[in-house]
Amino acid sequence: MIKLNKRFWCMLLLDAIRYLFILLFLYAAFSKLHDFQKFKVQLAQSPILSDFTLLVAWYVPTIEILIAIGLAFRKTLVPALWASYGLMFMFTAYIIAILKFSDRPVCHCGGVLEQMQWSEHLWFNVGFVGLGIIGLWLGFYRRFRDASTRHLEPQGEIS
């Protein structure tokens, strides 16, 4: 029986988290872009974002796509995890603000995410904020492990 080490499981979990974020961000971005006019109208109905409708309508899907691309590469993984965490934290804060201060909340997420109740959506986002925290911890674990074992590797040929 093959014994898999702790590092393998950490990297497997980190990959699962980053692929979940990639899937979420690409799905959400392309859902918004697919029905862009509806997305803009929904943003215009927001009591918080109505003054910035066009700006937000272009920036949010663009940022989601850029973060997904950053998550795809090991070199940009940790900064992209920070961006994922930050974006999901902001989305979660937005949901809390809308629930607290809006009489008629409108979801602008697109696709099946738009079909969720606000409380479900809040818990969904909180779950992804948690995944972001776990991903960051694992990303730093990977970096620390890689840096601490680098001095053990041969550094070129000895003449």
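Let's start with where H2 meets H3: Phe36, Phe39, Lys40, Leu43 and Ala44 in H2 touch Thr53, Leu54, Val56, Ala57, Trp58 and Pro61 in H3, where contact means heavy atoms within 4.5 Å. By class, the residues of this contact of H2 with H3 are 9 nonpolar, 1 polar and 1 charged. Here Ala, Val, Leu, Ile, Met, Phe, Trp, Tyr, Cys and Pro count as nonpolar, Asp, Glu, Lys and Arg as charged, and the others, Gly among them, as polar.

A quick word on what we're looking at: this is a predicted model, with local features needing pLDDT of at least 70 and side-chain atom pairs counted only at pLDDT 80 or more, while totals for chains, interfaces and linings use all residues. Residues are numbered from 1 along each chain as its sequence is written, and side-chain values use heavy atoms, with hydrogens and water left out.

Back to the pair. Helix H2, residues 36–44, and helix H3, residues 53–71, pack at an angle of about 125 degrees, with their axes 9 Å apart. That makes H2 oblique to H3; angles under 35 degrees count as roughly parallel, over 145 as roughly antiparallel, 65 to 115 as roughly perpendicular and the rest as oblique. The axes are lines fitted to C-alpha atoms, for helices over the stretch in contact, and angles run from 0 to 180 degrees between N-to-C directions.

Now, the chain as a whole. The protein chain has 5 helices and 0 strands, taken as DSSP runs numbered from the N terminus (H or I, at least four residues, for helices; E, at least two, for strands). Of its 159 residues, 40% count as buried, meaning under 20% relative accessible area, with exposed over 50% and partly exposed in between (1.4 Å probe, protein chains only). Among contacts between residues at least 6 apart in sequence, 74% join residues at least 24 apart.

So what do the buried residues of H3 pack against? They pack against helix H1 (6–34), H2 and helix H4 (77–101). Among those buried residues are Val60, Glu64, Ile67 and Leu71.

Next, H1 with H3. Their axes come within 8 Å and cross at roughly 150 degrees. That makes H1 roughly antiparallel to H3, and the crossing is left-handed. The contact includes Phe21, Phe25 and Leu33 of H1 and Trp58, Pro61 and Glu64 of H3. Its residues divide into 15 nonpolar, no polar and 3 charged.

H1 also packs with H4, at an angle of about 55 degrees and with the axes 11 Å apart. That makes H1 oblique to H4, and this crossing is left-handed too. Leu14, Arg18, Phe21, Leu24 and Phe25 of H1 make the contact with Leu77, Leu81, Ser84, Leu87 and Met88 of H4.

Finally, Leu122, in helix H5 (residues 118–150). Is Leu122 buried or exposed? At 19% relative accessibility, it counts as buried. Leaving aside residues up to four places away in sequence, Leu122 touches Thr92, Ile95, Ile96 and Leu99. Leu122 and Tyr94 are 28 residues apart in sequence, and their C-alpha atoms are 9.6 Å apart in space.

Conventions
Left-handed = near helix turned anticlockwise from the far one by under 90°.
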